[in-house]
Amino acid sequence: MSNRLASGNRRDVMKFVAKRLPCACLKKLHSATRKKVAKIGVCDGCRKQFPSSDLYVCTGCMIAEYCSKECQRAHWSRGHKGDCISLRPPGR
């Protein structure tokens, strides 16, 4: 097997095998790997994991993500204020 396939995830492997070995027994396994995977993000304030759709993005740097306004305020006072200015996209 190529290095790309060996280092790929389960979905890539199933796609590779299903294309080359058209077999009815692979259909169920292939469809199971096609299911959407929940996207997880980490709050920069409390460092806990949350679904990405539940996180708020810092409007200054557009990089830091927070689970709540309280975490954002706490992280701001712990040092994000200095980082935020240096991480801002040009023109902001």
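I began with H75 and looked up its contacts (heavy atoms within 4.5 Å); leaving out residues up to four places away in sequence, H75 touches D44, G45, Y66 and H80. I then noted that H75 is found in helix α4, and that its relative accessibility of 17% puts it among the buried residues. For these words I used the following cut-offs: buried is under 20% relative accessible area, exposed is over 50%, and partly exposed is in between, with a 1.4 Å probe and protein chains only.

Before going further I wrote down what kind of model this is: it is predicted, local features need pLDDT of at least 70, side-chain atom pairs count only at pLDDT 80 or more, and totals for chains, interfaces and linings use all residues. Residues are numbered from 1 along each chain as its sequence is written, and side-chain values use heavy atoms, with hydrogens and water left out.

Next I looked at the overall layout. I found four helices and four strands in the protein, where helices (H or I, at least four residues) and strands (E, at least two) are DSSP runs numbered from the N terminus. Along the sequence they follow the pattern α-α-α-β-β-β-β-α. Of the 92 residues in the protein, 20% are buried. Among contacts with a separation of 6 or more, 22% are between residues 24 or more positions apart. The accessible surface, from the Shrake-Rupley method with a 1.4 Å probe, comes to about 7,400 Å², and 55% of it belongs to carbon and sulfur atoms.

I then turned to the cysteines. How many disulfides does the rule give? The count is zero, a disulfide being a pair of cysteine sulfur atoms within 2.5 Å. C71 is in no disulfide either, as the nearest cysteine sulfur, that of C67, is 3.5 Å away. On accessibility, C43 counts as buried at 0%, and C71 is buried with a relative accessible area of 14%.

Both cysteines turned up again in the largest nonpolar core, which has eight residues: C43, L55, C58, C61, A64, Y66, C71 and C84. Such a core is a set of buried Ala, Val, Leu, Ile, Met, Phe, Trp, Tyr and Cys residues joined through side-chain atoms within 4.5 Å. For C84, leaving aside neighbours within four places in sequence, I listed contacts with C58, G60, C61 and W76.

Which residue forms a salt bridge with D44? It is R47, with the closest N and O atoms 3.1 Å apart, and the structure holds one salt bridge, meaning a side-chain nitrogen of Lys or Arg within 4 Å of a carboxyl oxygen of Asp or Glu. D44 is partly exposed, with a relative accessible area of 22%, whereas R47 counts as exposed at 55%.

S68 sits in the loop between β4 (65-66) and α4 (69-87); its side chain makes a polar contact with the side chain of E70 (3.3 Å), and a polar atom of the S68 side chain lies 3.2 Å from the backbone nitrogen of C71. A polar contact is a pair of N or O atoms within 3.5 Å; within protein, one must be able to donate a hydrogen and the other to accept it, and residues adjacent in sequence count only if both atoms are side-chain atoms. K81 lies in helix α4 and counts as partly exposed at 48% relative accessibility.
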